[in-house]
Amino acid sequence: QLVEITPTGNVGIGTTAPAFKLDVNSSDFVAARIESTSSGYAPASILLESGDSDSRGQGIYQYNSVSKNSWFSGVPYSTTSDDWVIAHKLETTAFNSDVAQMSNALFCVNDNGNVGIGITNPSVTLHVNGWTRINGGLQLDGSNRQLMAIDNTSLILGTNNTERMRILGNGN
């Protein structure tokens, strides 16, 4: 049977025992596809709309049952803001929706438009926690206030688009 509808209203495609309102089971690489023939503003879009809540914990969950990795992208729960995050959590058993908590966020865009990488409360336009590598040759460490070239090249500091100081790769 291709489609199964249970007495509780669950619909299964590719399964005879749907456990969710829509349960799609497929051995193909692509389990579901949404295609639109419209040329309008939002063809083939997915709308996640909250009915009777403030929609925290709303987003897209991904789970790999082999490696036990849970990912979430959306508005986290356990927060009172409208932040948007990408979060990750390694589980030891099965999928856990706790991945949608702010404490698991790796990337955050807060409701002020500030972006945080490795920090969940960015206070400036781009707030990066820890070492940052730029162009593969420059590293910044905010906790130790360090700026260093990671290869044998010069480090140049300047103001007003003018070079003011150059430190060669040999330290001179």
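In which strand does Leu-22 lie? Leu-22 lies in strand β3; helices (H or I, at least four residues) and strands (E, at least two) are DSSP runs, numbered from the N terminus. Before I continue, a word on the model itself. It is predicted, so local features need pLDDT of at least 70 and side-chain atom pairs count only at pLDDT 80 or more, whereas totals for chains, interfaces and linings use all residues. Residues are numbered from 1 along each chain as its sequence is written, and side-chain values use heavy atoms, with hydrogens and water left out.

Let us stay with Leu-22. Its relative accessible area is 55%, so Leu-22 is exposed.

I turn now to the aromatic rings. How many aromatic pairs does a search of the whole structure find? The search finds four. Rings of Phe, Tyr and Trp (its six-membered ring) pair if their centres lie within 6.5 Å; planes under 30 degrees apart count as stacked, over 60 as edge-to-face, and the rest as tilted. In one of these pairs, the ring centres of Tyr-61 and Phe-72 are 4.7 Å apart and the planes stand at 50°, so this pair is tilted. Because Tyr-61 lies in strand β4 (residues 58-64) and Phe-72 in strand β5 (residues 69-75), the pair ties together parts that are eleven residues apart in sequence. Tyr-61 is partly exposed, at 29% relative accessible area, while Phe-72, at 1%, counts as buried.

Tyr-61 also pairs with Phe-95, and this pair is edge-to-face, with 5.5 Å from centre to centre and 90° between the planes. Phe-95 is in the loop between β6 (84-90) and β7 (105-109), and Tyr-61 is in strand β4, so the pair ties together parts that are 34 residues apart in sequence. Phe-95 has a relative accessible area of 37% and is partly exposed. Ring pairs link Tyr-61, Tyr-63, Phe-72 and Phe-95 into a cluster.

The loop between β6 and β7 also holds Asn-104. Is Asn-104 buried or exposed? At 15% relative accessibility, Asn-104 counts as buried. A polar atom of its side chain lies 3.0 Å from the backbone oxygen of Asp-98. Leaving aside residues up to four places away in sequence, Asn-104 touches Ile-86, Ala-87, His-88, Lys-89, Asp-98 and Val-99, where contact means heavy atoms within 4.5 Å.

Next come the charged side chains. Side chains of opposite charge can pair when their charged atoms come close. A salt bridge is a side-chain nitrogen of Lys or Arg within 4 Å of a carboxyl oxygen of Asp or Glu, and by this rule the count comes to two. Lys-89, which Asn-104 touches, meets Glu-91 in a salt bridge of 3.5 Å, N to O. Arg-166 forms a salt bridge with Glu-163, with the closest N and O atoms 2.8 Å apart. Arg-166 is partly exposed, with a relative accessible area of 41%, and Glu-163 is likewise partly exposed, at 41%.

I close with the backbone in two loops. Which value does phi of Lys-68 lie near? Phi of Lys-68 is near 65°, a positive value in a residue other than glycine. Lys-68 is found in the loop between β4 and β5 and is partly exposed, with a relative accessible area of 24%. Asn-160 also has a positive phi, near 50°. Asn-160 sits in the loop between β13 (155-159) and β14 (162-167), and at 71% relative accessibility it counts as exposed.

Conventions: Buried means under 20% relative accessible area, exposed over 50%, partly exposed in between (1.4 Å probe, protein chains only). A polar contact is a pair of N or O atoms within 3.5 Å; within protein, one must be able to donate a hydrogen and the other to accept it, and residues adjacent in sequence count only if both atoms are side-chain atoms.
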